[in-house]
Every structure is written in structure tokens, then in C-alpha cells.
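Here are a few notes to read alongside the model. Have it open and follow the points in turn.

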Amino acid sequence: MGERVVIQRRDGSAQRGSTRQALAVALLLLALTVAALHPVLDCGFTNFDDDLYVTANEQVRQGLSLGGVRWALTATAAANWHPLTWISHMLDVELWGLDPRGHHGTNLVLHLANTILLFLVFRHATRALWPSALVAALFATHPLRVEAVAWVAERKELLSTLFGLLAIVAYLRWTRGPGPIAYLAILGGLALSLTAKPMWVTLPFVLLLLDVWPLGRLHDLREGWVRLWEKLPLFVLSGTSSVITLWVQRRGGAVGNLETYSGPSRLVNAAIAYLDYLRKTLWPADLAVFYPHEQHGLLAPKFLVATCTLAMISALAIRQRHRRPWLGVGWFWFVGMLVPVIGLVQVGEQGLADRYTYVPLIGIFILVAWGLAEALDARSIRPGWQPIAVAAIVLGLAVSAFGAHRQAQ
């Protein structure tokens, strides 16, 4: 009896210590993010869609009203159907008027919330504090984040991610205790995410990846069918959103025609874009607000290099699925989350865009964080040194954050 009491006290102490560590990491992440991106608060509205979404949009300029909400629910302005985004902009006008500082402040707060949510998702799913912290720190401060935070018009990306991550939180809870209320929370999170921006139409596939690792719910083909079946309502919701989005964008003239962007041209651009996104992630230099759609043939050296690189990494991830499941999860998160914006269905004239990486790069950050954790473990480095190793990387992130800081200015 006495021994049991002692063990319970120790367990409780360990739990409290873990909670304190997580809280300290969360506060550090907030400070790091604000240090990197607070210059956005001094930015004005840009001429990259901020006029379409706020400054020249008569419905939004009137602030939040019942009539405005009705308009938001049916509007296809800016070649998109995203009522939650319109309502968010209306609320900002109601609170701040047309003072850009308030609108940018909302974007920054949403990015902070996404950073903390991302940390908590992986902390809860993996029980690994420092790799989870590193994923969130990279997500928070990488220079490729700046566009999504600094453009008021990119509110849709931030809102969509907020509810996408909340849907994952609900899913983690549902896997512990399945029930209709918990499942409705997943559906609700996805629905809200899609009404902000249809970026998270790939959420059912992301959940399948998480079933593989770290949840360990998918080991063979039979389990695979079960996992697919349980996500059927999510697939239906995502499919419906995709159809609506394509229809609205075609109606708004945003989808490039086949004469301008042929099938082979879009395929080539997509493969090259994947490689360009990887390069910009590893070396975020020469960033721009617009990258034109380049025309390359199927035998172009750049396309062949990109195709071979993608194929080799994918093959490695599949081959290592048992020994290093995080490798496949991270890589296919990156590949899959880019599908809606990679240009297979060409929207606009850009070949790629930094803001499109807001969610997909989480996959690459998973590779970095758990790759580092494995390297430390292979060298028999004591767990107590893990915070020091992560702190060293955060120091490196200070350089990255400085780059994000300069770009945000």
C-alpha cells in the first residue's frame, strides 16, 4: 500500500513536470513567433488581393451585419466561396475600421494560435516534447510563413489551418473514445476549415497518415479498409467542397484554359514546383511575391531531375515505412497537402507561391525534427541533452527568424 502511494506521487510529479515543460515551450514559441513577425503590424494593406477582400469590397467595408452574413454565405467574389473568411474580414472592419494594424494583428494572433495548436497536436500524439517543439518552431518562423501572415487577404489560409488543426485535435480525442459527438466535432472542424479556404480537402488523407504514425492504427490491408470506411463522411465533405470550388473558380474565370496551360505543361510545372518548394525550404533566398508559370517540355532537364528526385524520396519513404514511419508520414504530408495548389488544375498565372507552403511544409518539419531525434538517439546522447540540442537549432532559427523579420518589413 505504501509503495503504491509513493509511485502515484512520483507519477503525479512527473505529469506536473511534463505539463510545466510544455507550458514553458509554448511560451517560448509565442515569444519566438512575435519576435520574428511583429513587423507585420506596421504594414499597410497590399495591392495583392487586399483590395478585393477588404479595402475595395463594399460589403466588407460596411462591417458585420445580418445582410453581410447573408451575402457571405452566397458570394463567389474573388473566384472563391469562403463565407467564414468574408465574415472574419467584416468582423475586423467592425472592430478596427480600415486601420491595417488591427487586420494584421488578427492575422498574427491566428498564426500564434496555429503554432501552439500544432505543438500540442504532436505533443499529444507522440508524447515527444522536443521534436514537437521543433516542428512548431520551424512552422512559426520560417521565412516562407511571411506571406500568409503579412497579407490581410491570406486570412483564409490562417483560418482554414486553425480549424483543420482543431479537426485533428478532435480526431485524436475520437481515437481514444469513439462516439458520435466526437465525430461530429471532426466534421465540424473540417466544415469550418473548408468554408475559410478549401485547402484542407486532403484532411482525410492526413488522418490516414497519422493512423500509420504516430497513432499506430493502420498495420495491414484489412485495417486500411476499416480506416477508410470510418472516414467516408470526411471524404464526402471534402469531395463536395472540391466540386463547389472548381465550379466557382471556373465561373469566376480563375481556372486557366487548356490552350494556355495544357495537361503536360501543368504536370511539368507541378513536378518542378515540388522541387522548388524543397529548395526554398532548405535555402529561403530570392523569395518573391510572384513566380510566373514557366513553360517546360516533358524532356526538359529540370523536369527530369525533379521527377527522379521525387520518385527516389517517395521510394525511400515507402521502403522505410516500418523502421522509420515518420519519414513516410512527413514526406507524403508534404506531397499530399500541396496537391490542391500544385497547379494540376491551374488557378491564376503563378507557377508556385510561397503562401501555398503554409500547411504542406509541416511534413518537411516532421522529417527534420524526428530525423534529429533519431540521430541524437543513435549517438546515445542522454535525454537531458535534447533540450540543449533543440536550443541550438532554435538559435539557428534566430537567423531564419531574422530573415522572416526582414521579409515581414
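1. Let's begin with W213, which counts as buried because its relative accessibility is 12%. The cut-offs here: buried means under 20% relative accessible area, exposed over 50%, and partly exposed in between, with a 1.4 Å probe and protein chains only. Before you go on, note that this is a predicted model, where local features need pLDDT of at least 70 and side-chain atom pairs count only at pLDDT 80 or more, while totals for chains, interfaces and linings use all residues. Residues are numbered from 1 along each chain as its sequence is written, and side-chain values use heavy atoms, with hydrogens and water left out.

2. Now for the partner of W213. The ring centres of W213 and W370 are 5.0 Å apart and the planes sit at 80°, so this pair is edge-to-face. The rule: rings of Phe, Tyr and Trp (its six-membered ring) pair if their centres lie within 6.5 Å, and planes under 30 degrees apart count as stacked, over 60 as edge-to-face and the rest as tilted. What does the pair tie together? W213 lies in the loop between α11 and α12 and W370 in helix α17 (residues 361-378), so the pair links parts that are 157 residues apart in sequence. W370 is buried too, with a relative accessible area of 9%. For reference, helices (H or I, at least four residues) and strands (E, at least two) are DSSP runs, numbered from the N terminus.

3. By the pairing rule, the count comes to 12 aromatic pairs.

4. Another pair to look up is W331 with F334, which is tilted, at 5.5 Å centre to centre and 45° between the planes. Both W331 and F334 lie in helix α16 (residues 325-338), 3 residues apart, about one turn of the helix. Are they buried or exposed? W331 is buried at 2% relative accessible area, and F334 counts as buried at 0%.

5. Back to the backbone. The peptide bond from W213 to P214 is cis, with omega near 10°. P214 is found in the loop between α11 (203-212) and α12 (221-230). Why flag this? Because most peptide bonds are trans, and most residues other than glycine have a negative phi.

6. Two residues have a positive phi although neither is a glycine: D49, at about 80°, and A79, at about 55°. D49 is in the loop between α1 (2-37) and α2 (50-55), and at 33% relative accessibility D49 counts as partly exposed. A79 is in the loop between α4 (66-74) and α5 (83-96), and A79 is buried, at 12%.

7. Last, the second largest pocket, which holds about 440 Å³ of space. Of the 15 residues that line this pocket, the closest to its centre are L208, L209, V212, L218 and R321. Elements giving two or more residues to the lining are α11, α15 (301-319) and α16, and α16 gives the most, with 4 residues. On a 1 Å grid over the protein atoms alone, a pocket is an open set of points where a 1.4 Å probe fits, with protein on both sides within 12 Å along at least five of seven lines; lining residues have an atom within 4 Å of a point. Grid points are joined across faces, edges and corners, and a volume is the space filled by probe spheres set on the points.
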